Amino acid sequence: MGPQVASGTVKGKPWARGRASGKATIAVGIIVVAAAGVGLGLQAVDGAHTVGDQRQPTTVRNAAIDDAYYQCLDIQARSLISPNQPVTIDAGNLGDFISLLKAIGSWATFSDSSSSAEARLSLHSTRGSGGCRGSVVVADFAVPHQGVTQRVGTGASMPGHGPPPAPPL
Amino acid sequence: MTTASATILAMVVLSAAGLLPTVALVGLRWITFTLVPLAGAVIAALAATVYVAVGGTFMVWFVTLAALGAVVAGLSWMRWPDRRPWAAGPGSRTSTTAHHRLTGALGVLGIAAACAWCLRDLSTPTVGFDARALWLTRSGWFLHSHQQVLTTLRSPSLVLGQSAYPPLVSAAGAVAWSITGNHTLRLGVVVVALLNTCALATAAFAIVEFGRRFSSKLSAPERPGRPTLSNGIGDTSEASPPGERRPPTALASSAPMLAGVVAAVLLIFISFGITEPFMTNGYADPIWSLAALGAVVYGLQMSGRRSEQGVVAILLLTAGMSKNEGFVTAAVLIVLVALRQLSVQPTNRGNRGTRWSRWWWRGPIAIGLAELAAVGAWPILMRVIGARGQSSPLSTPGEMVSRARATYDGFVPYLHVLLWAVPIAVIGGLVLSKVRSRSQAANDWWGWAGLASGLLAVGGALIVGTSAIEPWLATTVHRVTEFPALTGWWIVAVWAVVASGAPAVAAGERTANRHREHLPDHLTVPPPAPVPETLRAPSV
């Protein structure tokens, strides 16, 4: 009887018999590392470019315009209503509704229904100089305030016309 | 308070809330630093849920739940002293040499530097469309009175159906606003961006740790009679011949840990590339995608130790409480992680025959159920209170076919990573399975199952929904494919680290064969005794 030689096994199969040889393992290992490395490297370079794109002057300018626009609407709305006053948004279209919601949504107190609101806020177009890119916030009060039922927001304005360039969705 | 100082304060508060629960679950590791604020955000999300359900004020619930988490952590350390972070019990630390630890530090530095470089995008004052209209708008709602928040969530006049989405991002913003008094959207965006980056850094560091452990295993000399720890769970199927095997060369055995560091740093740039501009503009898509990715990496690709399960729990809760897509994906991942634990557990118990070992399967199931309860609480609550956007009609089978086609066409341009990942996984699976087994990484199928779960969750929602599919895809497909795309790149990275160990594994095998061929008769050893079925490690 010849010498018994211990043989390593993985899941009951011999290490070097019936499976990839050592040289094949090394060769495929190198190929996989190279292929993965090229893929990861190329995609990382692409990612770095994407990161850089966010700091392009156009992107920065558009972001600043977007911020200023909603801050303008926010200031106008605050000139009309207080945070504790129940209000509702009465916009003619979804775009105006979303614009007002973005401007006041985090601090305004929304009423359960139009009938229980003290004021209805809406966006109106204006050609004057007091608008936010041509829009003003208007409040229609259920109960007259100092004799008037409708007031136009003040305190901020912004040149230009129409909503700012939409940020990426 | 300026945005910078307010951000620091907000992150400190979130981290303080999450500190003890994280240390109890994960221990003291590098990733504890990045997981702590995420755990704080999870506590904030739970506080929002309890607040909407019960009443009171949001911040009181936040403080209460944070204190409760700290108490539970303290009680767990009293009950299991060996799990205290300062206890030096067996298995409390991975045995590593100084240069393995140095590699870990190098990985941390590389990841931190790459993240800092990418976070320069925060200098652009972008507030995303949804961040302004939804995510940070709701931050303000959580700071209103209880009656008001119910009104705002229910009122049909507010139109926005998405306001019933899970609360984590908004709740983290609410904590930041409340603590600092700085109620600006900019603060919310920066805090969310930092939480995103924490989730990303956690997932990236998994690759560093994986490479480090693989190198540590390759460089450890194998002594006779000492079983090789394939799968890390006591596989005794491989016996060593007499005489110590020399480890492969230092360079070859160090390759995986170096590959791990390089891959992790590259993955940071890749991830920012895939997730920008939403990574830094307040959207919720990156945080669920990155947290779910981390759960896949730690729960379905790494060794599956107890500490890893703590990481997985925090990341799954983060993903499941961030967005509807994250909730569905997290629910599937919870099941997958439990299944993997069930497949590993029998060989991972030291004292077989005890009462605990007979009921070992209860642990993974109980953890899975608890996680499902936590992430499912908000969607159930939204139905109970009748929040907007809870009715979701289904498309007809005929429509589903055309929607499936449109969804496929929409997804393809964003999943080109599969052109790299699939061939690499196939070739690696065919030729490098032995090397992968030595690396202690799980079977690659688990990772692919995780990727498929996210893909099916998002694809399924698009297919069965009734909104017009073309505009829906046009405005969301680049965001909802973040998770599968990222997971694909992580699969590629894991294979890169595995493959980098091939020369060392082959060299070790050559040396072992040479030893066997030259053994004199009196030094030969009998074949290893058959290992009982119950002690064998499955290929996980």
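How many residues does the contact take from chain B, and how many from chain A? The contact takes 74 residues from chain B and 60 residues from chain A, two residues being in contact if their C-beta atoms, placed from the backbone, lie within 7 Å. The model is predicted: local features need pLDDT of at least 70 and side-chain atom pairs count only at pLDDT 80 or more, whereas totals for chains, interfaces and linings use all residues. Residues are numbered from 1 along each chain as its sequence is written, and chains are lettered from A and ligands numbered from 1 in the order in which they are written.

**Figure 1. The side of chain B that touches chain A.** At least two residues each are supplied to this side by α5 (129–142), α6 (146–154), α9 (250–275), α16 (417–431), α17 (433–439), α20 (482–500) and α21 (502–517) of chain B. Helices (H or I, at least four residues) and strands (E, at least two) are DSSP runs, numbered from the N terminus. With 9 residues, α21(B) gives the most. The side of chain B that touches chain A has 40 nonpolar, 24 polar and 10 charged residues; Ala, Val, Leu, Ile, Met, Phe, Trp, Tyr, Cys and Pro count as nonpolar, Asp, Glu, Lys and Arg as charged, and the others, Gly among them, as polar.

**Figure 2. Domains and elements of chain A.** Chain A is divided into domain 1 (21–53) and domain 2 (57–152), with bounds from an automatic or database domain assignment. The centres of the two domains, taken over C-alpha atoms, are separated by 52 Å. Chain A has 3 helices and 7 strands, which run β-β-α-α-β-α-β-β-β-β from the N terminus on. Of the contacts in chain A with a separation of 6 or more, 65% are accounted for by residues 24 or more positions apart. Chain A averages a pLDDT of 87, and 88% of the residues score at least 70; pLDDT is the predictor's confidence in each residue, from 0 to 100. Over residues 1–18 of chain A the pLDDT is below 50, and this stretch has 33 contacts in the model beyond near neighbours in sequence.

**Figure 3. The packing of α2(B) with α7(B).** Helix α2 (residues 30–54) and helix α7 (residues 168–180) of chain B pack at an angle of about 100 degrees, with their axes 8 Å apart. Axes are lines fitted to C-alpha atoms, for helices over the stretch in contact, and angles run from 0 to 180 degrees between N-to-C directions. The two helices α2(B) and α7(B) are therefore roughly perpendicular to each other, a term for angles of 65 to 115 degrees. Ala41(B), Val42(B), Ala44(B), Ala45(B), Ala47(B) and Ala48(B) in α2(B) meet Leu168(B), Ala171(B), Ala172(B) and Val175(B) in α7(B). The residues of this contact divide into 10 nonpolar, no polar and no charged.

Figure 4. Most residues other than glycine have a negative phi, and most peptide bonds are trans. Val159(B) counts as partly exposed because it has 16 C-beta neighbours inside 10 Å, whereas Gln440(B), with 20 C-beta neighbours inside 10 Å, counts as buried. A residue is buried if 20 or more other C-beta atoms lie within 10 Å of its own, exposed if 12 or fewer, and partly exposed in between, with C-beta atoms placed from the backbone.

Definitions and conventions: Angles under 35 degrees count as roughly parallel, over 145 as roughly antiparallel, 65 to 115 as roughly perpendicular and the rest as oblique.
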